[in-house]
Amino acid sequence: MVGIKLNNKTQSLHNQLIDEIRQYALGQAPGTRLPSENDLSQSLGIARMTVSRAMNQLAGEGIIYRERGRGTFAAGQSEPTIYLILPGGSPEFSRDIGVALRERSQEQNIRLEVINQVIAGQRYTDIDMTALKKLPFRSRVILTGNWFHHVVDFFQQRQCRVLLINFRNERYFIDSASLGWSLIETDLTGIIIKIIRNLQEHGCRRIAMLQSGNHYMSSTSHSFREALKQCGLEFFPELLFTSPRSVNDAFNHMDMALQLRRRFPFDAFIASTAPLLNGALQAMQYHQIRIPDEIWPAALCGRGELGTYPFPLITASLPFRECGLKAIDTLCREDYRQEHYIFKETGQS
């Protein structure tokens, strides 16, 4: 078969065959008939079962399609799609970014497909490769979180165009620049520093954090610790609380923190989401805490996400919307090239 050579000593025969047929099919006009499995088997001198397995995988990727009684054909370019891959659950940023991603993809006539729950177990190494293998060759992919460093080779082999939205944690696991990936960063540490400086002006010295997500792996907790350090304040592990997103859970965590306040005192707290702030405030009111005289509240969200309160509140809005819009624009560029953007607070870059 013209254009197909199986002479790569470092790659298995199966993977060589898939890559070669894929490249050949992508180079054909949509609807072009491809050689049969029997023709490929004879011309390449390999078992027909090996050819059949390769064809099945390529059909699953959407590279080729089969018609009973007619043969196998090149699918050509399918509907333009961008894949947002999430490890599972509902990260605090996914909803906000998701709205912007859907809005911009609709404007660009691009289909946005979410592949969720790719973490099959409790550890980041428990990755469901069945879900990832649904990605077509040369897909445009958006990644968030720090779960994917064990499958970097997979994205490289698929020749994916990858954009990483980084919340100031992933850089400790991977060098996106060396991989040719585009990078959008949120200066989360800088945003939290702004809040802490404001709290310091009000005399606050022991600041707690109420966040959602993993306790120490979270980018929020990492940035919180770094921000305290840069502001000359001490980090107390006992003042870092992790709660699900609900108001009730936040109430319970703050209730516990307030009961232990004599042992682990704090004079301010930062909530990472609006529901966590509301739950914490309800607990403070239950304990009859004088706000802000005893404890200053602050939140990583915009005023538009919050209600009206009879006391001052320090907020800083995270640029999730800007990240989502820029991600689609970057991946959709006809003259695509590796890019690096850093967004500070909403409206700044």
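The model is predicted, so local features need pLDDT of at least 70 and side-chain atom pairs count only at pLDDT 80 or more, while totals for chains, interfaces and linings use all residues. Residues are numbered from 1 along each chain as its sequence is written, and side-chain values use heavy atoms, with hydrogens and water left out.

Start with the open sheet: 6 strands line up in the order S5-S4-S6-S7-S8-S14, with parallel pairing. Strands here are DSSP runs of E with at least two residues, helices are runs of H or I with at least four, and both are numbered from the N terminus; two strands pair if DSSP finds at least two bridges between them. At the edges sit S5 (111-115) and S14 (340-343), each pairing on one side only. Within the sheet, S7 (residues 161-166) and S8 (residues 182-186) pair in the parallel sense over 4 bridges, and leucine 163 stands opposite serine 182 in S8. Helix H12 (residues 320-331) packs on this sheet, touching S4, S6, S7, S8 and S14, where contact means heavy atoms within 4.5 Å.

Then there is strand S9 (residues 207-211): 5 of its 5 residues are buried, so the rest of the structure largely encloses it. Buried means under 20% relative accessible area, with exposed over 50% and partly exposed in between (1.4 Å probe, protein chains only). Ile207, Met209 and Gln211 point one way from S9, and Ala208 and Leu210 point the other. S9 runs parallel to S11 (residues 268-271), joined by 4 bridges, with isoleucine 207 opposite alanine 268. S9 also pairs in the parallel sense with S10 (residues 240-242) over 3 bridges; there, methionine 209 has leucine 240 as its bridge partner.

Technical notes: Axes fitted to C-alpha atoms, helices over the stretch in contact; angles between N-to-C directions.
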